[in-house]
Each structure stands twice: as structure tokens, then as C-alpha cells.
Amino acid sequence: AAGVWALEPHPDTYAGMAPRFAGDARVRPRRLALSSRAGTSIMHSYTNAAINSLSPVAQGAEGLVDGSVVASAAVEVELQSLRQFCTNEGLERVDILKLDTQGHELDILQGETEFLRSGKVRFVLVELLFSSVYATQGRAGEIIGLLEGCGFKLFDFYDFAYDETSGLKWGDALLEFAPAS
């Protein structure tokens, strides 16, 4: 009975995702990106859509990502803050906030510390970058520290990716809201 809001800002990726959930009232695709602010931004696009991001790929990242890093046309995308998104969608609480935003995770979270401290988000599953993949990206320690400062406790790590030369590239962390008593 869970409801899923699936956010995808890139028009081509969204066009491929949205029809998959047509007729399923539990999944609500939305064409927008979460950020620390509302408005619009340029999304850097690549022939490898898995690395599309609000930040360009970092110099030297070609050896870290699967597939080629060939830029394609940038696109303008809509931005909303997490709090604004929840208000617009009538969400009182979020059981699991999954952030895999290609280096933009810290920006999203920095704009919402008060909202995160409120306990309206129970779990955060966040991609952490340990190698320089994007020109402007939050580092793993910054993201975990911010969430811990908002009352979250690290629960577990998942799906690490390694490189023989650079070591740990990225992985996911699950944090649970557990404010100190």
C-alpha cells in the first residue's frame, strides 16, 4: 500500500520511466529535481544517461564510471526543495527518502536541516561518493555528518563500487531518524 514518488528531471529519462508506471496509482512519476532551492537549473547530459547531473563530470572521472563520458545537449530542469515538494504533494511524512542524485545529495540536504530535524523523514538512503566523479559533489563524510547533526543514526552501508586504482568509488548508506533522548 506504499506510495512512491519517483523524481526524474531529465526529459528523455523521464519519458522512458513514466510509461512504465502508467495505471499504477501507487507510483507517481514527477519530472523535477530536488535541490536546496526552487527554480530551474541546467542539467549536464551525457550519452551515458546514468551520469546526467546538475554538476558536470569532474576532470579525470572517465576512468571511474561505466561507459563513456561524452557530453550531449544540456537541458533546463525544474527544481524544488524537499519541503516544497512535500507540501505540493500533500505529504505529512516520508518513510524512506532515497537520494541518488549524482553528486547533488549534500545540496538537497543542506537546504532542509530544519525539516530533517523535525522527524518527518524516518529513513534516508543516500548515495555517497568517495571519488571525484562530479565537479561539485558532496563528500561522504559531509553527508553523514549533516544527517547525524539532524538526529539521524547510521544504520548500514550497501552496494559499494571499487576501482583497482582509486579504491572505493561510491556506495549507499542507510540512516534512521533517532534523535538523542
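Which residues do ring pairs link into a cluster?

Modeller: The model is a predicted one, in which local features need pLDDT of at least 70 and side-chain atom pairs count only at pLDDT 80 or more, while totals for chains, interfaces and linings use all residues. Residues are numbered from 1 along each chain as its sequence is written, and side-chain values use heavy atoms, with hydrogens and water left out.

The cluster consists of F130, F157, F160 and Y162, which are linked by ring pairs. Rings of Phe, Tyr and Trp (for Trp, the six-membered ring) pair if their centres lie within 6.5 Å; planes under 30 degrees apart count as stacked, over 60 as edge-to-face and the rest as tilted. The structure holds 4 aromatic pairs. One of them joins F152 and F177 edge-to-face, with 5.3 Å from centre to centre and 70° between the planes. This pair links distant parts of the chain, for F152 belongs to strand β8 (residues 152-163) and F177 to strand β9 (residues 167-177), 25 residues apart. Another pair, F160 with Y162, is tilted, at 6.4 Å centre to centre and 50° between the planes.

These side chains differ in accessibility. Buried means under 20% relative accessible area, exposed over 50%, and partly exposed in between (1.4 Å probe, protein chains only). F152 counts as buried because its relative accessibility is 4%. F160 is partly exposed, with a relative accessible area of 33%, and Y162 counts as exposed at 58%.

Strands (E, at least two residues) and helices (H or I, at least four) are DSSP runs, numbered from the N terminus, and two strands pair if DSSP finds at least two bridges between them. In general, strands of a sheet pair through backbone hydrogen bonds, either parallel or antiparallel. Here, 4 strands stand in the order β6-β7-β9-β8, with mixed pairing. β6 (94-99) and β8 are at the edges, each with a single partner strand, so one side of each has no neighbour in the sheet. From one strand to the next, the twist averages 10°; axes are lines fitted to C-alpha atoms, for helices over the stretch in contact, and angles run from 0 to 180 degrees between N-to-C directions.

β8 and β9 run antiparallel and are joined by 9 bridges, and a hairpin of 3 residues connects them. Across this pairing, Y158 stands opposite D172 in β9, and L154 stands opposite L175 in β9. β9 also runs antiparallel to β7, to which 7 bridges join it. Strand β7 comprises residues 121-129 and includes L129, which stands opposite W170 in β9. L129 counts as buried, at 3% relative accessibility. Its C-alpha atom is separated by 9.7 Å from that of E105, a residue 24 places away along the chain.

Strand β2 (residues 27-30) has V27 and P29 on a covered face and R28 and R30 on an uncovered one. R28 is the bridge partner of W5 and lies over the face of W5, at 4.3 Å from the ring centre. A charge sits over a ring if NZ of Lys or CZ of Arg is within 6 Å of the ring centre and within 35 degrees of the ring normal.

Helix α2 (residues 82-89) has L82, F85 and C86 buried. They cover an arc of only 95° around the axis, which puts them on the same side of α2; the arc is that of the directions from the helix axis to the C-beta atoms. G90, with a positive phi near 70°, follows α2.

Finally, the cysteines. The whole structure contains 0 disulfides, a disulfide being a pair of cysteine sulfur atoms within 2.5 Å. The sulfur of C86 is 15 Å from the closest cysteine sulfur, that of C150, which is too far for a bond. C86 counts as buried at 3% relative accessibility, and C150 likewise counts as buried at 3%.
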